[in-house]
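Work through the exercises below with the sequence and the 3D structure at hand. Each task is followed by a worked solution.

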Amino acid sequence: MKTFRFLPFFLSVGLFVLAMAIDPSAAVAQEETPVLDTGDTAWMLTSTALVLLMTIPGLALFYSGMVRKKNILAMSMQVFSVCCLMTVLWMLAGYSLAFGEGGAYVGDLSKAMLSGLTLDAMSGTIPESLFMVFQMTFAIITPALIVGAFADRMKFSAMLLFTGAWMLCVYAPITHWVWGGGFLGEAGVLDFAGGTVVHINAGVAGLVACIVVGKRSDYGAEPMPPHNLVLSVIGASLLWVGWFGFNAGSAVAANATAAMAMTVTQIATAAAALSWMFVEWMHRGKPSVLGIVSGAVAGLVAITPASGFVDPSGALYIGIASGAACYWAAVILKNALGYDDSLDVFGVHGVGGIVGALLTGVFAAEAIGGTPGLLEGNPGQVWTQAYGILATIIYCAVGSFIILKVVDVLVGLRVSEEVERDGLDLALHGEVVQ
Amino acid sequence: MKLVMAIIKPFKLDVVREALTSLNIQGLTVSEVKGFGRQKGQTEIYRGAEYSVSFLPKVKIEVVVNDDQVDSIVESIKKTAETGKIGDGKIFVLDVASAVRIRTGETNSDAL
């Protein structure tokens, strides 16, 4: 009986020896062409699925639960349709504009329609098609995040035009700047999984959009409590688990960097959730469910740029800071300045991304990600981070504004007051939740 | 015939129903309603936005009875639905002009 335990081992050795006899080159790494690493590929296949889950249904549920019942289907429709639209646009041109060689500011169209992505084309140790589709899930979730800012009042056609144009004209170039060989990456900006590319980007676009589109007509006058926070809890949980694909997957390898990224992601998220919860408890007297899940998302956002560069203690501080900072932004700043960022896209993703990107410069550990931060005697990194943050904010704000204005001329941005009052579900989509 | 309409606290529904069936009531209608009287509402808070909820959930019981049963029904509801705290509710008695049992066509007292 004991010998049977070793049978698989002997079989493997035997098969290996057989394989060597048939094709000796299988054991020798080819210097010229990159070799597919099955561990890396398996993990990246998984990460891609996890990140897609973050959008459908993670984000869809997170957002849908927070709006009033009359708009719940419209919100789900917006997120789901953005997923579909960005998939096609990324294939047509987005991937090429982001990761094509190009120059310092944008890629090119050499990979439009994914030309050149053959079965065997590689990107490092994984197939290029896999790298492309992994990045596609990022291009999907970033515009999907924006829709929360103008919830309850945007025309569906305008939303499709805006997000489609935005992904190609704002998201793809900024991706190129940071990850595609562009000037921010060259300048040493540290952004492991998308603090600038995804979160500051979506947050600023959301802020600009909610101001340009304008407040909901009964904002401040009419109560707008969330219709079903249980959906939001489910959505936030899917975001949390899926985010392991987002951060640990950005290692593009099944290795120690990915493992540490997963570790710091978990720590920062939990710390931020507790931070928001305790701040709210002290400020308002009760710890709320919406608060704790919002805090968790804030932590996820803030650790995103830092996830490959900081150690667990850095993650703890980033979490505590972002939970409190995003609470302040969503609750105090928003009400003080009076803009109607319905689902706090700027408050959580914009501010969380800014805090995270800056703190990456503070807590970056050379032993983890190869670059020291302020605490290790390299204060210049914080300035580099600020440079990247500012470049993103300015380009995104201007680009988003222009696209919104153009879309307004083409189809009009906002629904009529009647439609807004009766709810988008019935008027725009002909459906209601009973 | 009279319609006895009682607005009560939701958790009292089972107790009131048992009391009414022990008085030989053959049927009643229940609806979930919202309302306020002297009982003030609650405050809900979502990410710093405060909403005062003026309406509280209540249950409305409607039962049509013969004139001679009204007093015992009202008394029974009052005793079982009472908690002594604000928000216990109210009972109204309305006149009913006629009644019909749909299945058989019986009218008025025979329909009850």
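**Exercise 1. The nonpolar cores**

In this predicted model, find how many residues the largest nonpolar core has and which of them have the most contacts inside it.

Solution. Step 1: the largest nonpolar core has 149 residues. Step 2: Leu59(A), Leu239(A) and Ile318(A) are the residues with the most contacts inside this core. Step 3: helix 4 of chain A gives the most to the core, namely 16 residues. Step 4: there is also a second, separate core of twelve residues, and Val4(B), Val16(B), Val63(B) and Ile77(B) are among them. Step 5: take Ile318(A) as a case. Residues up to four places away in sequence are not counted, and Ile318(A) then touches Ala268(A), Ala302(A), Ile303(A), Ala306(A), Val310(A), Gly356(A), Leu359(A) and Phe363(A).

**Exercise 2. Helix 4 against helix 5**

Describe how helix 4 and helix 5 of chain A cross, and which residues meet there.

Solution. Step 1: helix 4 of chain A covers residues 72–99 and helix 5 of chain A covers residues 128–146. Their axes come within 8 Å and cross at roughly 125 degrees. Step 2: the angle therefore makes helix 4 of chain A oblique to helix 5 of chain A. Step 3: the crossing of helix 4 past helix 5 of chain A is right-handed. Step 4: helix 4 of chain A brings residues including Val79(A), Met86(A), Trp90(A) and Phe99(A), and helix 5 of chain A brings residues including Met132(A), Gln135(A), Ile140(A) and Pro143(A). Step 5: sorted by class, the contact of helix 4 with helix 5 of chain A has 14 nonpolar, three polar and no charged residues.

**Exercise 3. Helix 8 against helix 15**

Repeat the analysis for helix 8 and helix 15 of chain A.

Solution. Step 1: the axes of helix 8 (residues 195–213) and helix 15 (residues 380–410) of chain A come within 9 Å, crossing at roughly 40 degrees. Step 2: at that angle, helix 8 of chain A is oblique to helix 15 of chain A. Step 3: helix 8 and helix 15 of chain A make a right-handed crossing. Step 4: from helix 8 of chain A, residues including Ile200(A), Val204(A) and Val208(A) take part, and from helix 15 of chain A, residues including Ile393(A), Cys396(A) and Phe401(A). Step 5: the residues of the contact of helix 8 with helix 15 of chain A divide into twelve nonpolar, five polar and no charged.

**Exercise 4. Backbone details**

Find which residues are joined by a cis peptide bond, and what the phi values of Leu114(A) and Val252(A) are.

Solution. Step 1: Ile56(A) and Pro57(A) are joined by a cis peptide bond, with omega about 5 degrees. Pro57(A) belongs to helix 3 (residues 38–64) of chain A. Step 2: Leu114(A) is not a glycine, yet its phi is positive, near 55 degrees. Leu114(A) sits in the loop between helix 4 and strand 1 of chain A. It is partly exposed, with 18 other C-beta atoms within 10 Å. Step 3: Val252(A), also a residue other than glycine, has a positive phi near 50 degrees. Val252(A) lies in the loop between helix 9 (229–247) and helix 10 (256–284) of chain A. With 20 other C-beta atoms within 10 Å, Val252(A) is buried.

Conventions: Residues are numbered from 1 along each chain as its sequence is written. Chains are lettered from A and ligands numbered from 1 in the order in which they are written. This is a predicted model: local features need pLDDT of at least 70, side-chain atom pairs count only at pLDDT 80 or more; totals for chains, interfaces and linings use all residues. Axes are lines fitted to C-alpha atoms, for helices over the stretch in contact, and angles run from 0 to 180 degrees between N-to-C directions. Helices (H or I, at least four residues) and strands (E, at least two) are DSSP runs, numbered from the N terminus. Angles under 35 degrees count as roughly parallel, over 145 as roughly antiparallel, 65 to 115 as roughly perpendicular and the rest as oblique. A crossing is left-handed if the near helix is turned anticlockwise from the far one by less than a right angle, and right-handed if clockwise. Two residues are in contact if their C-beta atoms, placed from the backbone, lie within 7 Å. Ala, Val, Leu, Ile, Met, Phe, Trp, Tyr, Cys and Pro count as nonpolar, Asp, Glu, Lys and Arg as charged, and the others, Gly among them, as polar. A nonpolar core is a set of buried Ala, Val, Leu, Ile, Met, Phe, Trp, Tyr and Cys residues joined through C-beta atoms within 7 Å.
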